[in-house]
Amino acid sequence: MKARVKPSKARAKPSKVRARPSKASSAPRKSVGTGAATVARLRGENRALRKSVNALMVRVEKTVDDQGSAFSWFQAAASLEEAIRQRTEQYEQLNLRLKRELESRREIELALKQAKELADRANETKTRFLAAASHDLRQPLSSALLFLESISEAALAGLDLDYLHKSRVALASLSNLLDTLLDVARLDSGGIEPQYADFPVGAVLDRIVPEFGSVARSAGLELDFVPSSAWVRSDMHLLETVLRNLISNAIRYTQRGRVLVGCRRRRDGLLISVHDTGIGIEREHLEAIFTAYYQVRAGGRARTTGIGLGLSIVERISTLLSLNREVRSVPGRGSMFAVVVPYGRPRGRTRPRAAAAGGAIRMPSLAIAVIDDDPGVRLALAATLAKWGHRPIAAATATEAVVQFIGVDLSPDFIISDYHLAGSGKGDAAIEEVRREFDRAPPAAIMTSDPDPRLQAAARDKGFTLLTKPLNLAELRALLEQITRQ
């Protein structure tokens, strides 16, 4: 019985050894990539060593039980001590390897985190640059487009008229490119929150299709539009961006023939489609073309050069709005691009637009206050409004506009002002100043090239129409038509 006291002490030693690796086993179990497999393998080796110690203890107890002499106890203790020393060294090496592995994983995680932060900062810088560049370029571009619109085609013939058409196409392409860059910047920044509402699809198509009509005619194409009385539920501005890109893309890749924009009612929603008789697309490219910067090189050349972002914006906005998009194409015959938009709940009836013979809209003359501190934009817009038959009063400030109206004994029927005026002035304050002087509140619109969505919300809250630069002339003309019918 006394002989069994000594082995109990020997057994106490490995029990301490077993406690040591337990600290390593409770270490953090974070791993990155293949490091998880390495840590798992090391822990497996740890478990195997534990099993070896347990096996040694069983062997020693069995030897003691078989021999029972003091010398046998001494031999067993010495053998056990050596085995424990070896296993302890192995445990220490294993724990050191585990520690190094975990430190390596932490270093990798820290490096990945720093790389992500650098990438996020670079992306934010790029987004701010694109927004600022688009803003600064829109001012002179808006002036150029307005001056071209103010030129009377009746006074031109031959090459001069042809050059005017080509200039409009070139500037329209540049305007579309700037719109694309701004849309990409907004999508990359994550600053777009859809504002869903029910509205007639004609409120969008009646405005944007005529805008592209002059571009199509200048390109020698026919742009047809089938009106629709259907109501949809979506974000009106984002849906307009999608349709603008589809129509622009159709005109760009159609050398001859026509482009058709129409709607078709389906069970899953309203199909808004853009058909063209362009160069067509091979089947293997039909999905890839919705990837940023992807352009099909074979089969024909586009009318104007793009950068391959238009359809990627369509894809991203369609995903944001949960719209299904469809595409069909036959090389050499043309393509069809479409989106399916959920139906909206109609509110009242939409009245058809009144048109005179020949399709031209005849508008009564309006006295319009034009407030902009940029003389190029101010004079160009005034010239365009005068060409349309209105009486514009152009001024750099609200006070100057009031003085001119009083001098000709008129009161404004409509006010249009740039948002950012000289001396930290704001367009909404200028509009309110003009309204106070004439003791009435004529409808008003704010022009801006600022993409800040908060500005758009503030303009809507105050009842102002927001017009983005370069001005969409078809949208402005439709707005003036609406005012004359009130």
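A: Let's start with a definition: a salt bridge is a side-chain nitrogen of Lys or Arg within 4 Å of a carboxyl oxygen of Asp or Glu. Please keep in mind that this is a predicted model.

Q: Thanks! How many salt bridges does the structure hold?

A: The general idea is that side chains of opposite charge can pair when their charged atoms come close. In this structure there are 14 salt bridges. One of them pairs Asp-418 with Lys-469, whose closest N and O atoms are 3.2 Å apart. These two residues link distant parts of the chain, 51 residues apart: Asp-418 belongs to strand 10 (residues 414-418), and Lys-469 to the loop between strand 12 (465-468) and helix 12 (473-485).

Q: Are Asp-418 and Lys-469 buried or exposed?

A: For this step you need the cut-off: buried means under 20% relative accessible area, and exposed means over 50%. Asp-418 has 5% relative accessibility, so it counts as buried. Lys-469, with a relative accessible area of 0%, is buried too.

Q: Which residue forms a salt bridge with Arg-325, and how far apart are the closest N and O atoms?

A: The partner of Arg-325 is Glu-315, and their closest N and O atoms are 2.6 Å apart. Arg-325 sits in strand 6 (residues 324-330) and Glu-315 in helix 7, so this pair ties together parts that are ten residues apart in sequence. Arg-325 counts as partly exposed because its relative accessibility is 21%. Glu-315 is also partly exposed, with a relative accessible area of 23%.

Q: How do I read a sheet, and in what order do the strands of the open sheet stand?

A: Five strands form an open sheet in the order 9-8-10-11-12, with parallel pairing. Strand 9 (391-395) and strand 12 stand at the edges with a single partner strand each, so one side of each has no neighbour in the sheet. On average, neighbouring strands here are turned by 20° against each other, direction ignored. Helix 8 (residues 375-387) packs on this sheet, touching strands 8, 9, 10 and 11 (444-448), and its direction makes about 175° with that of strand 9. Helix 9 (residues 398-407) lies across strand 8 and strand 9, running at about 140° to strand 9.

Q: How many bridges pair strand 8 with strand 9?

A: Strand 8 (residues 367-371) and strand 9 pair in the parallel sense over five bridges. Within this pairing, Ile-371 has Ala-395 in strand 9 as its bridge partner.

Q: And antiparallel pairing: which strands does strand 5 pair with?

A: Strand 5 runs antiparallel to strand 4 (residues 258-266), with eight bridges between them. A hairpin of two residues joins strand 4 to strand 5, and Arg-264 has Leu-271 in strand 5 as its bridge partner. Strand 5 is also joined by seven bridges to strand 7 (residues 334-341), again antiparallel. There, Asp-276 has Ser-335 in strand 7 as its bridge partner. Seven of the eight residues of strand 5 (residues 269-276) are buried, so this strand is largely enclosed by the rest of the structure.

Q: Finally, what share of the protein is buried, and how many helices and strands are there?

A: Buried residues make up 42% of the 486 residues. The protein has twelve helices and twelve strands. Its accessible surface comes to about 26,500 Å², 54% of which belongs to carbon and sulfur atoms. Among contacts between residues at least 6 apart in sequence, 74% join residues at least 24 apart.

How values were computed:
Residues are numbered from 1 along each chain as its sequence is written. This is a predicted model: local features need pLDDT of at least 70, side-chain atom pairs count only at pLDDT 80 or more; totals for chains, interfaces and linings use all residues. Side-chain values use heavy atoms; hydrogens and water are left out. Helices (H or I, at least four residues) and strands (E, at least two) are DSSP runs, numbered from the N terminus. Buried means under 20% relative accessible area, exposed over 50%, partly exposed in between (1.4 Å probe, protein chains only). Contact means heavy atoms within 4.5 Å. Accessible areas come from the Shrake-Rupley method with a 1.4 Å probe; for residues, only the protein chains shown count as cover. Two strands pair if DSSP finds at least two bridges between them. Axes are lines fitted to C-alpha atoms, for helices over the stretch in contact, and angles run from 0 to 180 degrees between N-to-C directions.
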